[in-house]
Amino acid sequence: MEHKLIKVLYALTFILFTYCDNIRNAENYREIKISSVDTLSIDITGRELPYYYKSDLYTDPVTNHLIFAGYNHFEHSFDLFDINDQKRINRIQLAERGPDGISMNGDFKFINADTILIKVNQSLIKINTQGEILSKVNLFEIIKETTFLFTHGLSVEDPENNLSFKNNALVSYVLPGESFFWESRFYEEPFLALLSPSKKTVEFLNIKYPDEASEDNLFGYMLRPYTLVKDEELIYNFPFISKVYRYNFTSMKIQEADIKSSFTENISSTINSGELNGDIRSSAIGLHSFNSLNFHKIVYDPYKDIFYRTHNSKPIEKEGMKIRNNYLCIFNSDYQKIGEIELEKNLYIHNYFPTEKGILFQIINNDNLSEINILKFCQLNFDL
């Protein structure tokens with residue numbers, strides 16, 4: 001009898017602690033609900049695209065309208081669309097050769113309605129709306145006196161359009177020369193630097209990879225960080241983990257917050273080192289990134305003073321196809337999670353934009369021939 005009583009008390013204690021733990025979790029997390037969904041459609045011709053791989057959003061100073069700018073890789077141009085009037089308003093044609101020639105395979109940012117910055121290969125290029133180059137800085141010339149490189153076999157074209165600046169200095173991902181990510185010394189060096197095109201200076205930030213990444217835990221392409229500068233902080237994160245990091249430019253201290261997903265795992269699996277054979281060109285690196293859980297860049301919403309981060313699950317095999325589930329996590333300026341929802345699979349989650357009316361996502365038409373001449377957006381607003 002006494003033995004049974006002990007068992008009952010043990011079970012009740014376990015239930016009580018589990019219940020309390022669930023209460024604590026509930027206090028830190030609540031479900032968010034979509035309050036409105038608006039679909040915006042813009043008629044396009046065969047020269048535009050049904051969605052844009054890389055894009056930016058800015059406000060026209062004259063009309064105060066939102067302008068969506070997408071890079072058209074077929075036409076080698078920036079196509080501009082007025083979101084308010086739902087129509088295309090301009091095309092900025094880029095030259096492929098000659099004095100204004102640009103090989104466009106990098107990131108870009110519309111500084112204003114007249115000026116665009118393009119980071120391509122090892123150059124930072126400023127152009128006007130006629131596609132003419134106003135200035136061009138060879139970033140390699142700034143960093144060449146150091147032992148660091150921009151690319152070292154660990155650079156992969158990212159769908160995220162991610163350019164960050166601190167006082168006109170570009171936040172750059174750098175890699176130690178003559179060192180590979182399967183070697184311990186690779187993790188002993190900083191990986192972010194501020195490059196000033198005007199001063200021709202480089203300042204390495206005392207930021208190292210997190211402990212989860214090492215020569216024993218290989219993440220390959222997923223070591224490349226996403227960066228966001230807000231006030232005196234550099235906010236950065238990695239594709240392989242749910243953690244968010246804050247570097248204070250003044251104190252040079254780092255804080256971390258684990259903004260965990262309630263839908264998926266929170267760290268990706270590692271690369272099997274046996275498949276690499278010491279080859280930086282090994283297909284195992286790209287396959288690992290493609291088949292992994294991926295967290296994406298952090299976006300700040302100035303209208304609500306909150307942050308967003310999208311991520312997708314590992315591919316799921318379904319009817320011979322690999323399908324990913326998409327998620328949106330929202331957290332506040334204290335880096336506390338507000339909530340998380342699953343997004344529709346047809347939303348392009350790599351580049352999206354906060355507006356006064358909600359978050360603007362492109363809609364992927366999934367080869368729907370009836371919508372091949374329509375550029376579509378979904379605008380989501382939330383009850384927070």
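This is a predicted model: local features need pLDDT of at least 70, side-chain atom pairs count only at pLDDT 80 or more; totals for chains, interfaces and linings use all residues.

Modeller: Residues are numbered from 1 along each chain as its sequence is written, and side-chain values use heavy atoms, with hydrogens and water left out.

Colleague: Why is strand 21 largely enclosed?
Modeller: Seven of its seven residues, 306–312, are buried, so the rest of the structure largely encloses strand 21. Buried means under 20% relative accessible area, with a 1.4 Å probe and protein chains only. Strands are DSSP runs of E, at least two residues, numbered from the N terminus.

Colleague: Which residues sit on each side of strand 21?
Modeller: Ile306, Tyr308, Thr310 and Asn312 are on one side. Phe307, Arg309 and His311 are on the other. In a regular strand, side chains alternate between the two faces of the sheet.

Colleague: What does strand 21 pair with?
Modeller: Strand 20 (residues 294–301) pairs with strand 21 in the antiparallel sense, over six bridges. Strand 24 (residues 326–332) also pairs antiparallel with strand 21, over seven bridges. Pairing needs at least two DSSP bridges between two strands. Phe307 has Phe331 of strand 24 as its bridge partner.

Colleague: New topic. Which residues touch the most other members of the largest nonpolar core?
Modeller: Phe181, Tyr209, Leu223 and Leu234, out of 32 residues. Such a core is a set of buried Ala, Val, Leu, Ile, Met, Phe, Trp, Tyr and Cys residues joined through side-chain atoms within 4.5 Å.

Colleague: Which strand gives the most to this core?
Modeller: Strand 12, with three residues.

Conventions:
Buried means under 20% relative accessible area, exposed over 50%, partly exposed in between (1.4 Å probe, protein chains only). Helices (H or I, at least four residues) and strands (E, at least two) are DSSP runs, numbered from the N terminus.
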